[in-house]
Amino acid sequence: EELKLGYININSLLTGRSMPFLNNDANLLTLDYLVVADTRLSEDIMFEEIECQLDNWKIEGRFDSSDAKMKKHMGMLLLKSKKSVKGNIIERSIDKQYTRNQIVQIQVLFVTFKVINLKVAFIYTREKPSQTKVNVLKNDLCESDLILGDLNLDARNEEDLLKLDVLCGSRTRILNEITTIRFNQIDHVMLDCTKFKTYFSTSFINYTSDHNTLCIRVAENGSDFNTSFKQKMSFTKVVTLQ
């Protein structure tokens, strides 16, 4: 028993055949929930139009940028796969946007999943956050068990690493791999591993964006990954000799 979550910075939902890709990708559809960031939608794009083109998903929430009339950027969609067997497990979802000079720079979607009492912060930062913004985010993210998203911070950069450590707090950066076509990692997965001990995280190439899709599987309390999955992850196989 587990919860499977994903996050993708799509770099505009309406370009590059993004919606057909999201709607038909077999790996994505096996997730329970997927957050699509940087949708760049505005109020002139009707909800029904998005719903029609993403008919393999249920749209649990649409959160456009509050400055969409001035600039088409940012924005998030919270999607639930119609293949998911999970019931109505979202306890609450709150969208928070951080502005500079009246332009949204950072967006965080806080979602609580009651099935395992998992508090998740899906985050998208438009540009590298200042130390001041990092300190603000640290306070806002303090109750989140899991952080997924594009933080625009690369751990190979010493200054960025210090900011990542501040945001991480008591959580652990459990994803350590290249997540963009520029061969760096600015997309991160941070988890409270003391509270959630059984998990698996990875990323997949996304053919309509320059960012990979982030994925995480979090086991429910008392549950564990089966033997065949563990063998695949450790590249081991039990062989019975006759």
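Salt bridges and a buried Phe

Biologist: Let's start with Asp 210: what is its relative accessible area?

Modeller: This is a predicted model, in which local features need pLDDT of at least 70 and side-chain atom pairs count only at pLDDT 80 or more, while totals for chains, interfaces and linings use all residues. Residues are numbered from 1 along each chain as its sequence is written, and side-chain values use heavy atoms, with hydrogens and water left out. Buried means under 20% relative accessible area, exposed over 50%, and partly exposed in between (1.4 Å probe, protein chains only). Asp 210 falls in the buried class, because its relative accessible area is 18%.

Biologist: Which residue forms a salt bridge with Asp 210?

Modeller: A salt bridge here is a side-chain nitrogen of Lys or Arg within 4 Å of a carboxyl oxygen of Asp or Glu. For Asp 210 the closest N and O atoms are 2.9 Å apart, and the partner is Arg 182.

Biologist: How many residues apart in sequence are the parts that this pair, Asp 210 and Arg 182, ties together?

Modeller: Strands (E, at least two residues) and helices (H or I, at least four) are DSSP runs, numbered from the N terminus. Asp 210 sits in the loop between β11 and β12, and Arg 182 in the loop between β9 (172–173) and β10, so the parts they tie together are apart in sequence by 28 residues.

Biologist: How many salt bridges does the structure hold?

Modeller: Side chains of opposite charge can pair when their charged atoms come close. For the structure, the number of salt bridges is 13.

Biologist: Now Phe 196: what separation do its C-alpha atom and that of Ile 116 have?

Modeller: Phe 196 is in the loop between β10 (187–191) and β11 (199–204), and counts as buried because its relative accessibility is 3%. Beyond its neighbours within four places in sequence, its contacts (heavy atoms within 4.5 Å) include Asp 145, Val 218 and Ile 116. Phe 196 and Ile 116 are 80 residues apart along the chain, and their C-alpha atoms are separated by 9.4 Å.
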